[in-house]
Amino acid sequence: MCGIAGYIGEKDGLKIVLDRLKLLEYRGYDSAGVLFFSNTGAKLKKSKGKLNVLSKKLGSTSALPLLAVIGHTRWATHGIPNEKNAHPHTDCNKKIFLAHNGIIENYQELRQQLSKTGHVFKSQTDTEIIAHLIEECCKSNLSFEKAFETALTKVVGAYALAVVYTDEPERIYFAKLGSPLIIGVAEKEYFLASDPTALAGMAKKIMYLKDGQRGWLSASGHKIGPTRPKMENLNLSPEQAQKGKFPHFMIKEISEQPETVRDAFRGRLFANRVKLGGLENVARELEKIKRIEIIACGTSYHAGLLGELLLEEIAGIPTKVIEASEYRYRDNVLSPMTACLFISQSGETADTLAALRKANGRKALTLGLVNTVGSAIARETKAGVYNHAGPEIGVASTKAFTSQLSILNLIALFLAKNSRKRKLLARELNLIPEKIKTTIKDGGKIKLLAKKYQKYNNFMFLGRKYNYPAALEGALKLKEIGYVHAEGKAAGELKHGPIALIDKDFPTIALVNKNSVYEKMISNLEEIKTRGGRILAIATIGDKKISKIADDVIYVPKTLEPLEPLLNVIPLQIFAYYFGVARGHDVDKPRNLAKSVTVE
Ligand code: M6R
């Protein structure tokens with residue numbers, strides 16, 4: 001996601017901050033900005049695009065020593081990537097400047113309240129409201145420190161903040177809640193950054209801030225409250241620091257899923273309603289739709305298959321899913337009152353984009369479910385929802401998939417009129433991030449299983465109903481990362497042909513949760529057993545029967561049937577990851593594959 005860097009000390013803070021931001025580039029960004037002080041006062045410079053555009057704009061400028069410098073790389077969430085939406089943002093009087101990483105859930109409410117008291121907003125971001133909110137709190141004759149603290153109590157959401165007040169240019173104020181922020185310490189200098197990557201080679205000591213901690217830094221000291229973080233040694237190369245404690249981006253992104261799923265729900269999922277701001281401007285058209293077509297490729301297509309089941313079962317809307325590469329060349333009938341939903345992590349996939357242009361040409365109501373803000377698909381769809389999952393660097397899509405599933409659930413709830421299942425589903429969705437966390441904790445066991453199965457070159461992945469698309473996704477992950485043959489099948493189809501493949505060298509990975517099709521799945525597994533097939537089952541915690549049939553079992557927590565894929569896919573991703581690692585593959589950049597398929 002976004003990157004924050006700050007410096008206060010005797011050196012040229014501008015160069016230091018720009019260099020730190022460069023090290024945070026891997027987090028993904030589409031615009032950048034800095035705030036520093038020169039002889040003529042505070043200077044704010046921002047630009048769309050990469051850091052070299054910003055550096056060119058700055059030329060040979062340097063910052064005054066001992067005064068605050070903050071910088072930011074923005075990965076757009078609220079508002080397209082442009083100079084106005086780039087951070088730092090400022091208040092009406094241009095005295096408060098701030099860089100933010102996170103999402104402010106109640107920004108629309110706050111924006112309305114602040115507008116009524118005369119505040120004028122220059123960007124479309126959620127961040128800008130914080131600058132105006134602090135400005136408003138300053139009006140009650142509070143010290144800046146107190147005004148900052150008061151403003152934070154009014155904000156709902158997640159934030160890492162670096163704030164500069166021009167009346168106190170020798171300080172950088174900061175606060176953390178839900179988004180990462182660390183402080184680096186060296187001789188008479190302090191650094192602020194989103195992660196240790198930015199500080200490797202600069203700071204010898206580091207403090208990882210905890211949620212709720214806030215304070216300020218100056219060249220001669222610092223204040224942190226209400227509790228104090230531990231000071232730790234920093235012995236990392238920038239390369240190691242980028243992936244944090246993880247050896248590869250793929251496993252890092254797998255591990256991020258409790259947070260990315262939570263971020264998908266943030267400000268959208270409430271006990272008795274779902275709010276999807278991006279669909280509001282087409283709400284009237286959506287009310288009239290009679291059909292939905294989902295169009296996507298690869299993993300996003302698998303998410304679409306689950307979307308089909310959710311939209312039909314929860315919202316009662318007939319839905320069809322088509323691979324974008326097929327859609328673009330078919331003479332398909334577009335019935336009136338059909339919405340076309342395009343799902344894409346990158347927002348740039350050539351086939352999906354071509355299909356979208358075809359649908360736009362036919363005047364369909366086109367919607368996007370996209371992770372990359374401002375991407376072609378996001379721009380060219382009439383309305384849509386962003387994932388807010390942060391950049392995905394590993395070529396194999398992992399966190400984008402669970403984020404897509406989470407949002408498809410929200411869309412189904414949003415469109416559901418009188419579904420009895422609605423409340424139940426909304427309640428259970430809120431529990432999913434914790435259940436994903438529990439599943440990830442089994443990583444060690446899954447690693448051993450991946451090693452055990454590493455010798456096989458053929459795999460069958462089976463599921464029924466909601467777990468059928470999850471089986472397809474599990475098979476795709478293993479193909480991409482393990483370079484082995486993996487077939488994803490609806491378990492009921494087995495006896496119509498694929499069962500001929502089964503023998504002792506062709507193991508099956510079965511998604512067999514305690515649900516409406518449990519007994520059917522068990523029968524399928526018995527058929528496999530009879531033919532000497534080995535079985536690795538993903539099953540529900542507490543299921544005693546399954547261990548008598550399967551050779552190995554990975555247990556996942558109990559959840560509602562439509563949500564099972566959100567949990568089941570986690571062990572499948574981890575299995576594929578360790579399988580690829582065990583075979584010595586470049587798991588982040590598997591052979592023959594590209595992250596964004598921008599050619600046909
Ligand atoms: O960026 P998109 O979601 O449009 O990409 C679609 C596929 O290319 C992508 O999901 C691909 O299948 C991944 N490598 C799967 O891990």
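Visitor: Which residues form one aromatic cluster here?

Guide: Tyr453, Tyr456, Phe459, Phe575 and Phe579 do. Bear in mind that this is a predicted model, in which local features need pLDDT of at least 70 and side-chain atom pairs count only at pLDDT 80 or more, while totals for chains, interfaces and linings use all residues. Residues are numbered from 1 along each chain as its sequence is written, and side-chain values use heavy atoms, with hydrogens and water left out.

Visitor: How many aromatic pairs does the structure hold, and what describes such a pair?

Guide: A pair of aromatic rings is described by the distance of the centres and the angle of the planes. The structure holds 12 pairs (rings of Phe, Tyr and Trp, the last by its six-membered ring, with centres within 6.5 Å; stacked under 30 degrees, edge-to-face over 60, tilted for the rest). The rings of Tyr7 and Phe191 have centres 5.3 Å apart and planes at 55°, so this pair is tilted. Tyr7 belongs to strand S1 (residues 3-8) and Phe191 to strand S10 (residues 189-193), so the pair ties together parts 184 residues apart in sequence (strands, E, at least two residues, and helices, H or I, at least four, are DSSP runs numbered from the N terminus).

Visitor: Are Tyr7 and Phe191 buried or exposed?

Guide: Tyr7 is buried, at 0% relative accessibility, and Phe191 is buried with a relative accessible area of 0% (buried is under 20%, exposed over 50%, partly exposed in between, with a 1.4 Å probe and protein chains only).

Visitor: What kind of pair do Tyr453 and Phe575 make?

Guide: Their ring centres are 6.1 Å apart and their planes at 70°, so the pair is edge-to-face. It links distant parts of the chain, since Tyr453 sits in the loop between helix H17 (443-452) and strand S20 (458-463), whereas Phe575 is in helix H21 (residues 564-582), 122 residues apart. Both Tyr453 and Phe575 are buried.

Visitor: Which side chain has an N or O atom 2.6 Å from an oxygen atom of the ligand?

Guide: That side chain belongs to Ser344. A backbone N or O atom of Ser397 lies 2.8 Å from a ligand oxygen atom, and for the side chain of Lys477 the distance from an N or O atom to a ligand oxygen is 3.1 Å.

Visitor: Where is Cys297 found?

Guide: Cys297 is in the loop between strand S15 (291-296) and H11, and at 23% relative accessibility it counts as partly exposed. Cys297 and Met337 are 40 residues apart in sequence and 24 Å apart in space, C-alpha to C-alpha.

How values were computed
Polar contact = N/O pair within 3.5 Å; in protein donor to acceptor, adjacent residues only side chain to side chain.
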